[in-house]
Amino acid sequence: MSDLPMSDLPMPDPATSDPAPRRMADAIRFLALDAIARAGDGHPGAPLGCAEVATALFTRHFVCNPDDPEWPDRDRFVLSNGHGSMLLYAVLHLSGYAGIPIDAIRRFRELGSPCHGHPEFAPHHGIEATTGPLGQGIANAVGMAVAEAKLAAEFGPGLVDHRTYALVGDGCLMEGIAHEVISLAGHLRLGKLTFLWDDNLITDDGGTDLSISEDVRARFRAADWQVIDCDGHDVAAVSAALLLAKADPRPSLIACRTTIGRGLPRLEGQRGAHGGRVFDSDCAEARAAAGWEAPAFTVPQEVAAAWRRGAAERNRAAYAAWQARRAALPEGVRAEFDRRADGRLPDGWRDGLRALARRTVEAAPERPSIEVAADTLAALTGTIPDLFSGAPDLEGPTRHKQALAAFTAENRAGRYLHYGVREHAMGAMMNGMATHRGLVPVGATYLVFSDYLRPALRMAALMELPVVTVYSHDSIGIGRNGPTHQPVEFLASLRAMPNMLVLRPADAVETVEAWELALAHRHGPTSLICARQPLPPLRREPSDENLSARGAYVLAEAAGGPARATLIGTGSEVAVALAARERLQQEGIPTRVVSMPSWELFAAQPEAYRAAVIPPDTVRVAVEAAVRLGWDRWIGEGGGFVGMAGFGASGPADELFRHFGITPEAVVREVTARL
């Protein structure tokens, strides 16, 4: 018996036959049971029910190197039903990942352990994605498969030739996002994508017949997937199914018929196995039933060695051959591949943006910021070949395709993905692309549809992924579409999310600057908020500095003495603030205007800078065509606010701004009432 890290175990003679596959699967089961029992909490159903599935995949097919967890050409595995996290931690420990030692498993669900209640993104430990809300992981896997196909088209199969696997449960497949990604993956013929379905006919509520009656297999076949059935408790049968999946050009669903909580006599096959409490008596009963004599948190040496042979030794030749192919590449190609694999932007990527900003100041265009954002993206595509764009059936309104070729089943070299009307899918797939590395995913849609992306946005923020989403139609300024499409609370909602950078530029120059900030934000997602209506040019003086980089800056200084009033605006409403300043100055009230494209960047500045830009001893009034929530931080509870207090209405944009009182006159009244 041994509880040593896998790397410390002596390796037996390779000629020695492996222990029975059942014993290798039982190693997963008892590590999971011991950890869940010790924690007093957890989900035993999936780790016990899918132990043979994981054994077949990781010891016979999965390509990885536990000594180099972030090897770019490794296979990807996503545990979509993340509540069964002990399955993944047990597999990673048995495979030899140093980041998941036995002590980490002992401390399952304890503060500081890498073995969290649900898997949290840690590729250096072998954890490819954060999978909390069901459906997100399954969509992440589709995004990873897209990234693999795109990079293989660029760099060739000698460098990029790996597969993506996702273990999915009934809950994953019931979520609406699953329907979107299953359809799209089949349409794109992502043949290196395989879902292993834990087909146990039960959910936390009870039998699946309580809530579904459709033929799940037929749904996949209709989406042009290969569907394979197998006994999920037969390692050889699962392995044979995986071979069939590799041989088909379509994505594959392997329906693994399993029993939830397999091997736990008190709960086996019952709904309580999903998240039921595991007691020491359960562990003892399970050990007796399986004939497993090893103490808690201990794997028999011969079983541990067999896992290392299957998961690590089996892949060493492939790893060495890949390294040799990489080393033989021309220096420039190798450097570019390494840059992409590391998730770094190319040297000098900012230079073109700075030049574009200077040209934009000179041209002083009056244009919708969504159009400027699209043109800026187009200008960046030559500098940053990793940029990969898409919009859910909104290519026309957002213009975020332009000259980019489409990524299709026939053209893997394309750089624009037609998601169709699938906002949920786009958000989570972009996260999968970002975790995979090699692409810089950009998505474009309307701001009001950000709620469809919200679970994916939150996962991107949790994983600190550099995902950029560009939003159009940012306010009542869209006019006649009406309140269903006029976002009033969305800015506050996005600003409330940790790690999310929210940028709302006021004109074309700030839009170019916002792109630089979005791409530079490498530890979290960015929401770039753009207007559909033309915005007048506000920045008329060239600058070698990105003035938006500090979050807020003085756009127009007070004249005729120290400022008595400070007007703060974002987006299209900065122009309203400037018009109000003119009237206040005419009335002898020295007034400055502050453009504030990013609360987050401004909050990160030194207090002295913040006080210099927004002096607390001046009357402060904010103007934004959104709700007030959050603005008191910058204007104080007694500060003035000109904006929205309810939903919008249908009508021409200029009439709506007057109707809701977002006018220079209203700003002037707010100031004079406080002087």
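**Notes on the predicted model**

1. Let's start in the middle. The largest nonpolar core has 110 residues, and Phe 195, Met 429, Val 470 and Trp 515 have the most contacts inside it. A nonpolar core here is a set of buried Ala, Val, Leu, Ile, Met, Phe, Trp, Tyr and Cys residues joined through side-chain atoms within 4.5 Å. Buried means under 20% relative accessible area, exposed means over 50%, and partly exposed is in between (1.4 Å probe, protein chains only). Helix H6 (residues 136-155) gives this core its largest share, 12 residues. Helices (H or I, at least four residues) and strands (E, at least two) are DSSP runs, numbered from the N terminus.

2. A word on what you're looking at: this is a predicted model, where local features need pLDDT of at least 70 and side-chain atom pairs count only at pLDDT 80 or more, while totals for chains, interfaces and linings use all residues. Residues are numbered from 1 along each chain as its sequence is written, and side-chain values use heavy atoms, with hydrogens and water left out.

3. How confident is the predictor? pLDDT is its confidence in each residue, from 0 to 100. The protein averages a pLDDT of 95, and 97% of the residues score at least 70. Look at residues 1-17, though: pLDDT stays under 50 there, and the model has 30 contacts beyond four places in sequence for them. Contact means heavy atoms within 4.5 Å.

4. Back to Met 429. Leaving aside neighbours within four places in sequence, Met 429 is in contact with Ala 139, Val 142, Gly 143, Val 146, Val 181, Leu 184, Leu 417 and Tyr 419.

5. Arg 415 deserves a click. You'll find Arg 415 in the loop between helix H17 (395-398) and strand S10 (416-418). Arg 415 is buried yet has no salt bridge, and the nearest side chain of opposite charge, Asp 386, is 6.4 Å away. A salt bridge is a side-chain nitrogen of Lys or Arg within 4 Å of a carboxyl oxygen of Asp or Glu. For charge, Lys and Arg count as positive and Asp and Glu as negative; His and the chain ends are not counted.

6. Now two loop residues. Asp 224 sits in the loop between helix H9 (216-222) and strand S6 (226-231), and its phi is near 70 degrees, a positive value in a residue other than glycine. Asp 224 counts as partly exposed because its relative accessibility is 29%. Asn 499, in the loop between helix H20 (490-495) and strand S13 (501-503), also has a positive phi, near 70 degrees. Its relative accessible area is 35%, so Asn 499 is partly exposed.

7. Next, strand S18 (residues 591-595), where five of five residues are buried. In a regular strand the side chains alternate between the two faces of the sheet. In S18, Thr 591, Val 593 and Ser 595 are on one side, Arg 592 and Val 594 on the other. Strand S16 (residues 553-556) runs antiparallel to S18, with three bridges, and strand S17 (residues 565-569) runs parallel to S18, with five bridges. Two strands pair if DSSP finds at least two bridges between them. Ser 595 is the bridge partner of Tyr 553, and Gly 569 stands opposite Ser 595 too.

Note on methods:
pLDDT is the predictor's confidence in each residue, from 0 to 100.
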